[in-house]
Each structure stands twice: as structure tokens, then as C-alpha cells.
Amino acid sequence: MRNDRTKRAESADKAKSESPTRESRAVELAQSGVSRRDFLGSCARTVGAVTVAGLTGVSWGAGGRLGAAPSAERTGGPEDTANGSESVNADRREHEARWYSRRANADVRCELCPRGCVIGVSERGACRVRENRGGTLYSLVYGRPAMIQADPVERAPFFHVQPGSRMLAVATAGCPLACSFCEVWDIALVDPEEIHSYDALPEAVVEQAVSIGAGAVSYAFGEPIAFSEYVLDTARLARKRGLLNLLHTSGYFAEQPLGEILEYIDAVNIDLKAFDGELYRRYVGGDLEPVLRTMRAIRAAGVHLEITNLVIPTVNDAPSDVRTMCRWIRDELGPDVPVHFARFYPLYKLANLPPTPVKSLDTARRIALEEGLEHVYVARVTGHEGENTFCPACGSTVINRLGFVIEEMNITDGACAACGRRIGGLWA
Ligand code: SF4
């Protein structure tokens with residue numbers, strides 16, 4: 001499996017460098033099927049996650065297609081009627097970007113993320129999904145998810161948000177970063193024309209979430225920054241329908257769009273990929289400081305925050321670095337912010353590294369607890385004690401998990417059933 005994944009990644013890179021037609025590239029990717037989705041999908045199937053195909057029996061059209069109306073030429077935003085068909089290389093929708101400014105010579109400056117790309121006419125930003133057409137910046141992925149599927153909320157991972165409930169997750173192509181260990185390279189690091197996508201305007205996503213009984217819409221698996229306008233419009237509608245909005249992101253937002261989006265977001269999981277500026281630049285392709293700023297802003301906005309730290313052998317697993325990171329989280333964000341130490345599996349450009357030894361995850365968890373963090377989890381080691389939620393006051397097991405499955409809940413009105421200590425999160 002590991003070798004297959006590596007070969008697929010290399011094959012995809014090689015094919016891209018040889019500049020095939022977009023059609024052949026898209027078909028290749030659509031058919032390749034080796035990705036984190038497959039890897040995680042095999043886990044999800046064991047707990048009843050529902051993929052696109054699995055939704056056909058609920059309310060998706062034949063062949064897993066969403067809706068039945070012909071595809072629209074142009075979308076005007078959330079007031080448009082949901083339409084549908086799945087397509088590869090369909091004409092991109094034109095949806096004007098929300099956060100940009102015009103400059104001389106019809107150039108534009110994108111103001112969505114800290115990169116601040118200045119984009120000439122007919123060019124795209126670094127994230128691949130924002131294009132300057134005649135001096136107007138467009139999102140190329142609005143209403144065009146490359147992935148839409150139902151999952152347990154624990155998969156995000158959110159361990160303090162309605163445990164045991166389901167979310168409908170959406171993701172599109174594009175990302176402003178370029179992680180060497182990207183787990184969704186076949187979604188995030190491709191052009192929108194190079195990947196299979198669905199037509200699913202915000203109304204359609206929300207209707208689907210309601211129809212399958214999901215408690216939330218999750219913007220995850222790719223990088224939601226790349227489809228921020230789609231996130232914003234979908235989140236507005238989802239909130240009106242009583243759904244939670246969950247964001248799993250690198251946090252590489254500029255301040256203004258982050259503030260606007262947070263108004264409609266109930267919980268955020270930030271991928272804190274490294275806690276060293278030089279490492280962040282080398283392995284992630286961006287600056288660490290905007291991510292730290294984002295996490296402070298989330299807390300200041302009163303939005304529930306969880307953090308995932310992928311522990312990569314020899315890259316970011318030094319105990320001293322883990323301790324420094326945990327102290328910062330405790331002092332700047334608060335000891336009650338849940339932290340998930342996730343196991344790395346070799347893939348993409350770090351396929352030469354081994355999986356994270358469990359003892360490294362144990363060490364990270366021990367350090368975090370020593371530094372006073374109250375809820376420290378180990379992810380992707382099924383059966384590990386670190387899957388459970390413990391009361392910081394009395395030590396009782398508040399939530400007992402096996403993988404994504406909730407085996408026991410001892411929480412009453414957001415408090416430990418044994419001692420009454422409040423546990424931060426969204427429990428109702
Ligand atoms: S969102 Fe994309 S186009 Fe905009 S600044 Fe970031 S990388 Fe550049």
C-alpha cells in the first residue's frame with residue numbers, strides 16, 4: 001500500500017511535469033484513486049462513514065450525482081438554485097472572489113491569505129484556484145467540490161464537538177501552501193481542471209447535510225482557505241438550518257477574511273504543522289506567524305478550537321520542540337484547548353520516512369500533560385489510551401473511544417458526570 005501510494009504520487013508529479021492535456025491529466029487522477037481518501041476511507045468504512053456513492057440511496061441522483069438540473073454557466077452565489085452533475089473539466093464557474101483589490105494594468109492583489117499574490121491578467125495565484133480575468137479575480141472552485149462525503153465528526157478530528165454525530169464534509173482543489181507531507185496532494189495540490197469535481201452549490205450541500213441527518217457541515221480534507229467564498233456562503237445557509245459549521249484548516253488566513261468567516265464557524269481544528277519558523281518554511285512553504293495569529297483570533301472570537309499536530313519522525317518530533325509548542329498553547333490559547341498528536345504515515349515527498357513510532361506520540365502526549373494541557377489525544381493509533389477524554393479534575397474517563405466510535409459517554413450538560421468539572425466544547 002505504501003509503495004503503491006508513493007508510485008502514484010511520483011507518477012502524478014511526472015505526468016504533470018510532462019504537461020499532458022488537462023483532459024488526460026484529469027482522467028488519470030480521477031481514475032488513480034490512491035490517496036489519503038482511500039487510506040482514511042478504509043478506516044471510515046469500518047465505522048459506517050458514508051461516501052458519495054453511499055449517499056445515492058438517500059437523496060443523491062443516479063450515479064452519485066447531486067441534483068438533476070443541467071449545469072449552470074455561472075453562479076451568482078447562495079441565492080442560486082442547486083443544480084447538478086458531476087464532471088471532469090467542465091467549464092469553470094465564474095464566481096468573483098471576495099477578498100482582493102485592483103491595481104494598475106489590470107493586475108489584482110489577492111487579500112485572502114498572507115501570500116498576497118499579485119496576479120496578472122489570465123494568471124492564477126499560488127493556490128491554483130484564483131484567476132485574474134480581465135482585471136477581475138475569480139474563484140474557480142465555488143460550488144465545485146472534489147470531495148463530498150459524510151463522516152463521523154471524530155474523523156475531522158473534533159473530539160469536543162457533538163461526539164458520535166455525523167458531519168457532511170466538502171473540499172475543493174487548491175491550497176496556498178505546499179506541504180512536503182501533504183496527505184491530500186491529489187486534491188489540494190492540483191489545478192481545478194485536473195481533478196474530478198461535482199456541482200454542488202451551497203444550497204445543495206446544506207440540503208444534503210439535512211437529509212442525511214448530519215449535525216454539521218465540515219470544510220476539510222482539502223484546504224478550505226482555497227474555497228473561502230464557498231465556505232462563507234454555505235456556512236451562512238447551514239447556520240440558518242441549525243447545522244454547525246466546522247473548519248479544519250492550516251489557518252493560513254489573512255486577518256480580514258478570517259474575521260468574516262469566523263462569524264459563521266462554530267469550531268476550528270488547526271493543523272499546526274511545525275512550531276519552528278524555519279521548519280515551517282522548509283516543509284510547509286509558508287510562515288508560521290500567521291497561523292499563530294489565526295489561533296489567537298479564533299480564541300478571541302469565542303470559537304471552539306482544537307489543534308492537530310502531525311508528528312513526523314526527524315522533522316518535528318524533538319521533545320524540546322514539542323515542549324515549546326505546548327507551553328505556547330497553554331500560555332497563549334489556554335490549557336483547555338484539545339491537542340491531537342497524529343501519527344504520520346509515509347507519503348508524498350516524505351515517503352522515505354518511517355511511520356511515527358507510537359513511543360514518540362506517547363512522549364509528545366506526556367510532555368503536553370506535564371505542561372498542563374488538559375485534553376491531549378493520540379490520533380491514528382486505534383485502541384490507544386490517548387483516544388479517550390479524561391476529566392482534568394478527577395481523572396475519570398469522560399468519553400471512551402475506539403477509533404471514531406464512541407463506546408461510553410460520562411458527560412452531563414457539558415460537565416464530568418463524576419465530579420461536575422466543566423469540559424470545554426460543544427456538547428448539545
Ligand atoms: S489565496 Fe491563493 S491567490 Fe490568494 S494570496 Fe493566497 S495563494 Fe495567492
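**Entry 1**

The model I am reading is a predicted one. I then checked how β6 and β7 are joined: the two strands run antiparallel and share four bridges. They form a hairpin with two residues between them. In that turn I noted glycine 134, whose phi is positive at about 65 degrees.

I next asked which residue of β7 stands opposite histidine 95. Histidine 95 faces serine 139. The strands concerned are β2 (residues 95-96) and β7 (residues 136-139), which pair in the antiparallel sense over two bridges. I recorded as background that strands of a sheet pair through backbone hydrogen bonds, either parallel or antiparallel.

**Entry 2: the ligand shell**

Arginine 130 came up again when I listed the surroundings of the ligand, among them Arg130, Arg115, Gly116 and Pro176. By class, I recorded seven nonpolar, two polar and two charged residues in the shell.

**Entry 3: the sheet of β3, β4 and β5**

I traced an open sheet of three strands in the order β3-β4-β5, with antiparallel pairing. Its edge strands are β3 (100-102) and β5 (118-119), each of which pairs on one side only. Between β3 and β4 (residues 108-110) I found three bridges.

**Entry 4: backbone geometry in loops**

I examined serine 122, in the loop between β5 and β6 (130-133). Its phi is near 70 degrees, a positive value in a residue other than glycine. Is serine 122 buried or exposed? It counts as exposed, because it has 10 C-beta neighbours inside 10 Å.

I then turned to phenylalanine 221, located in the loop between β11 (216-219) and α6 (228-240). This residue is not a glycine, yet has a positive phi of about 75 degrees. Phenylalanine 221 is buried, because 27 other C-beta atoms lie within 10 Å.

I also looked for a cis peptide bond and recorded the one from alanine 156 to proline 157, with omega near 0 degrees. Proline 157 sits in the loop between β8 (147-152) and β9 (166-171).

**Entry 5: helix α7**

In α7 (residues 255-262) I found Leu258, Ile261 and Leu262 buried. Viewed down the axis of α7, its buried residues fall within an arc of 95 degrees, so they line one face of the helix. I noted the general rule that an α-helix has 3.6 residues a turn, so residues three or four places apart point the same way. Where does the cover of the buried residues of α7 come from? It includes α6 and α9 (289-300).

**Entry 6: the chain as a whole**

For the secondary structure I recorded eleven helices and 21 strands. Buried residues make up 50% of the 428 residues. Among contacts between residues at least 6 apart in sequence, I noted that 68% join residues at least 24 apart.

Terms used: Residues are numbered from 1 along each chain as its sequence is written. This is a predicted model: local features need pLDDT of at least 70, side-chain atom pairs count only at pLDDT 80 or more; totals for chains, interfaces and linings use all residues. A residue is near a molecule or strand if its C-beta atom, placed from the backbone, lies within 6 Å of it. Ala, Val, Leu, Ile, Met, Phe, Trp, Tyr, Cys and Pro count as nonpolar, Asp, Glu, Lys and Arg as charged, and the others, Gly among them, as polar. A residue is buried if 20 or more other C-beta atoms lie within 10 Å of its own, exposed if 12 or fewer, and partly exposed in between; C-beta atoms are placed from the backbone. Two residues are in contact if their C-beta atoms, placed from the backbone, lie within 7 Å. Two strands pair if DSSP finds at least two bridges between them. The arc is that of the directions from the helix axis to the C-beta atoms.
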